[in-house]
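Let's work through a few exercises on charged side chains. Have the structure open while you read, and try each task before you look at its solution.

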Amino acid sequence: MAASSSKALPVAAAAVAILLVMAAAAPAAEAAVCGMSNEQFMSCQPAAAKTTDPPAPPTKACCDALGGADLGCLCGYKSSPWMNLYNIDPERAMELPAKCGLATPPNC
C-alpha cells in the first residue's frame, strides 16, 4: 500500500501543477475584450473621460492598443453601462480611432 501511495503523490502533484498553470493563464485570456487588455483600455480612458474638459489627446500607448483592437467589436460597447462606470463618454471614445489615424468601422 505504501508503494501505491508513493506513486500517487507525484501524479497528484503534477495534476495540481497543471491546474495552477491553467488557472494562471485563464485570467489573462479572459481579460482581453475586443483584443484589448484592461491596461490598454485604461491607457485610453483619459482621452475619452466625460468629466475632463477638454479631454487629453490619446497617448501613443492608447493608439497602439486601438491599432491592434477589433474596432467593430468595440463599437458594440458604445451603449454599454460599463461606459458610465469607467467615466467614458461614448462620443469621445468613438472619436479616438480618427484621432489615432485609424479608420472607424462603418455603422459604428
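**Salt bridges, step by step**

Glu95 and Lys99 join their side chains in a salt bridge, with 3.9 Å from N to O. Keep in mind that this is a predicted model.

**Exercise 1.** Work out why Glu95 and Lys99 count as a salt bridge.

*Solution.* Start with the distance: N to O is 3.9 Å. The cut-off is within 4 Å, so the pair makes it. Now find the two in the chain: they sit four residues apart in helix H6, which means about one helical turn between them. Last, check the surface: Glu95 is partly exposed at 39% relative accessible area, and Lys99 is partly exposed at 46%.

**Exercise 2.** Find where Asp64 and Lys60 lie, and say how exposed each one is.

*Solution.* Both residues belong to helix H3, four residues apart, or about one turn. Asp64 has 47% relative accessibility, so call it partly exposed. Lys60 has 63%, and since exposed means over 50%, Lys60 is exposed.

**Exercise 3.** Arg92 and Asp53 also pair up in a salt bridge. Which parts of the chain does this pair link?

*Solution.* First, the distance: 2.5 Å from N to O. Next, the places: Arg92 is in helix H6 (residues 90-99), while Asp53 is in the loop between helix H2 (38-48) and helix H3 (60-67). That puts them 39 residues apart, so the pair links distant parts of the chain. Finally, Arg92 is buried at 14% relative accessible area, whereas Asp53 is exposed at 67%.

**Final tally.** The count comes to three salt bridges.

How values were computed:
Residues numbered from 1 in each chain as written. Predicted model: local features only at pLDDT ≥ 70, side-chain atom pairs only at ≥ 80, totals over all residues. Heavy atoms only, no water. Buried < 20%, exposed > 50% of the residue type's maximum accessible area, 1.4 Å probe, protein only.
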